Amino acid sequence: MLDVILWLLAVELLGLLAFPILYALTPWLPDRGYTLAKPAGLLLAFYPLWLLASSPVFSNSLPTLLVVLLSLAVASGYMAWRLRVGLLGFLRREWRVVLLSELVFLGIFALWAVIKSHDAAINHTEQPMDFAFLNATVASRHFPPQDPWLAGHTVSYYYFGYLIFGGLTRLAGLSTSVGYNLALVLVAALAAVGIFGLAVNIVRLVGGSLRAAAVSGLLGVFLLLGIANLVSGLELIRAGGGGSAELWQWVDIKGLDGPLKSPNWYPTEPGWWWWRATRVIDTVQGGNSLDYTITEFPFFSFMLGDLHPHVMSLPFMLMFLGLVLNYVVSPARPGWRWLISWSGARDALVIVLALGALGFINLWDLPVFAALFAGAALAKAYKGQETLGRAAKSAIATAISVILLAVVLYLPFYLAFDSQAKGILPVKEYVTRPVHFLVVCGLFLLIVVPFVVWELLAMLPRGLGRWQTAAFALAVALVPWLIWTLAEGMMALVPWLDCVIYKGASPCTVPDIAGLVWQRFLHLLPLMLLAAAAVYVALRRLHGAAAAEPGPTSAPEHQSQGYTPSAASSFPLMLLALALFLLIGAELFYLVDIFNNRMNTIFKLYYQAWVLLAVVCSYAIYYLCSRYSGSGAWIRFPGYVWAGLVILGLVASVYYPLAAGYTKTSGLAGKATLDGLAYVANEDLGELQSIQWLKKNHQPGDVIVEAVGDDYSSYGRVSASTGIPTILGWVGHEHQWRGSTKPFEGRLQAVEMIYKTDDPQEAKEILHTYGVTYILVGPRERAKYGIQGMDKFNALGDVAFQEGDVVIYRVRK
């Protein structure tokens, strides 16, 4: 309990330090950035720490962090004093929003703390990898951190999220084995308050009441964190023994091959039945996956417990959306004048800092949210310009400047980072089956399609507006498909190019390009039309065409001259357009990586789309309900049908979180703990004590040697749990991160020779080659390499630690 209190105190402190600064920077948000304050506090604390410790002058240490926090406290105190009248007025006026946001934060935090306390072990999937990076950011004196699984090399991964939560663990005075699980819990809570605040701000900006805004915000939390895709409903049918053979054959999801009646309310089949909900999109022939992908969603992420970059980025992603919303509704006009003005430079700086952080936490987020800002800049410029051409010039100047600065602020990371991605290629024959797409996105589409249709119909009485706007929206929607068509056409005209790129995976003859292009067009047509409509309505709203639309459009009391509700109402449409382009893009292109398929492309783009669609749907439900309530019977009846279908979808989607959560935690049975290494004491108490000893006694520059084994196993546990580099850890993952085996060639054999050779001199030379200071001998080493060569270590080093069957030798110099 004390660990939780210390953690929350550290988080609340950082949020309080950040709020006066955000209050000054977000004057157009009703909550003045309060719901963004906690992730902003983390960013404002750990960005300077990273920058300082990336130099040889300052170290990554608690004193350096305290100096940063003291500086932040001084700046925050100055801002608070200067704005004290406004701050006090805000608290008197908006105390309900402050209280609600804190209740949301603490409620979600408490919920996930209970869940993780009954599933705390850091021992499966890629948890050891995440734990290794977390410990590396704490153990390393400077950045980039040392790679715990490849001594002598720095981490080849986006590590800012690990740095942030590792630093927070240090600030709270906790062990990283507790901090790992609390970081997961905190990310969920920050994401909850982030989407809550975003939805509340949007609804209030368009004139909605605080009650309606709060309901919309809570709905956003539920859509983001509380539901699964529609596999949830299929699992319910399967567990109940329902569904015909034709149904399961048509759905064709691996593992869902027919009814399997459960004796309980949840599935009781052996294994991780809940895994298949994240492996929906696939083309299966003869039991083999031809288009294996990952369709993860936030609830699954937190339940699984991998502290991956795409998970850690959630609160910062929502913080960035809040900052862009503030920019969209502000009266600022994009262009050089805005950038070089004091107020514009100040506002741009916080956007730049947040955008750059997204790329450093999860590189996939940088291009996506840079595109969002560019689109927002274009829409704002069009609001104040007569033509799209002039608007584009202003938007391009603004967007390019902001994106470049976002890279420059984090330049040390980008200069050191070596991506294993090899480029982008067109998706060939295997695309998402419509039924699989509806299983993943159907509930969201059920909400957003009526929303966009209503928006379009609301504009009909005022005419379609300028034909250029409609033509532009349609052209934008077609651009991804046109680029894909061009790429496919080039490969069709140059057959050998197709062979070289795809290495014979596709026929090396000129395909029926016209038929393929037409099929892909029809495949994507519904999404492209919906995207075009979203872009069109957003532009029309910002251009003032819909400003007079009936409904709640009075400006909030705190807003000053220059605010228009149509600007805020266009923002969900921008997010919807971006989400649709992500879904379209995954059907056309994929990032070439070591797997050479679209697995990671679907994974990352669909995950981002889920977040965006959760925000859009929370507003769309408010929008549609407010319109239905004032409509005639001919509208209300279809509205009731729609509401019934949405409720049915939500109920079906919540079965999975309840059943999977119950299964994963064994019904919350067993002793509760947040220590992710507590399970090691049951397996080998000596190993746990050796980890604790190394964490306490290691010095900068230390290197250990331990047994090398399979990925996704207990091999590499000591280096992962301490952050102290070992000669070689998970081989497959090092290959993934570095795109080649060259950086660690010979290391596997070197480790084997260290343990197996009977010649102390031969072992000594290898130890000195890799700078090894500690030799670990435990059950894995004996099982892997035998005991014949272990006696020589007495001649090479001194016993520094011994407990049970674990011995650590300190290598003599």
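**Cysteines**

I started with cysteine 617, and it turned out to be buried, with a relative accessible area of 0%. I kept in mind that this is a predicted model.

Next I wanted a partner for cysteine 617: which cysteine sulfur is closest to its own? I found it in cysteine 441, 10 Å away, which is too far for a bond.

Then I looked up cysteine 625. Buried or exposed, or something in between? Cysteine 625 is partly exposed, with a relative accessible area of 40%. For the sulfur of cysteine 625, the closest cysteine sulfur belongs to cysteine 617, at 12 Å, so this pair is too far apart for a bond as well.

I was using a cut-off of 2.5 Å between sulfur atoms. By that rule I counted zero disulfides.

**A pair of helices**

I moved on to α19, residues 434-459, and α22, residues 513-542. How do these two pack? I noted an angle of about 40° and axes 10 Å apart. α19 and α22 are therefore oblique to each other. I also jotted down the handedness: α19 passes α22 in a left-handed crossing.

Which residues meet there? On the α19 side I listed Phe437, Leu445, Val448, Val449, Val452, Glu455, Leu456 and Met459. Facing them in α22 are Leu527, Leu530, Ala533, Ala534, Tyr536, Val537, Arg540 and Arg541.

Last, I sorted the residues of this contact by type: 13 are nonpolar, three are charged and none is polar. Glu455 in α19 and Arg540 and Arg541 in α22 are in that contact, and residues of their kinds count as charged.

Conventions. Residues numbered from 1 in each chain as written. Predicted model: local features only at pLDDT ≥ 70, side-chain atom pairs only at ≥ 80, totals over all residues. Heavy atoms only, no water. Axes fitted to C-alpha atoms, helices over the stretch in contact; angles between N-to-C directions. Helix = DSSP H or I, 4+ residues; strand = E, 2+ residues; numbered from the N terminus. Parallel < 35°, antiparallel > 145°, perpendicular 65-115°, else oblique. Left-handed = near helix turned anticlockwise from the far one by under 90°. Contact = heavy atoms within 4.5 Å. Buried < 20%, exposed > 50% of the residue type's maximum accessible area, 1.4 Å probe, protein only.
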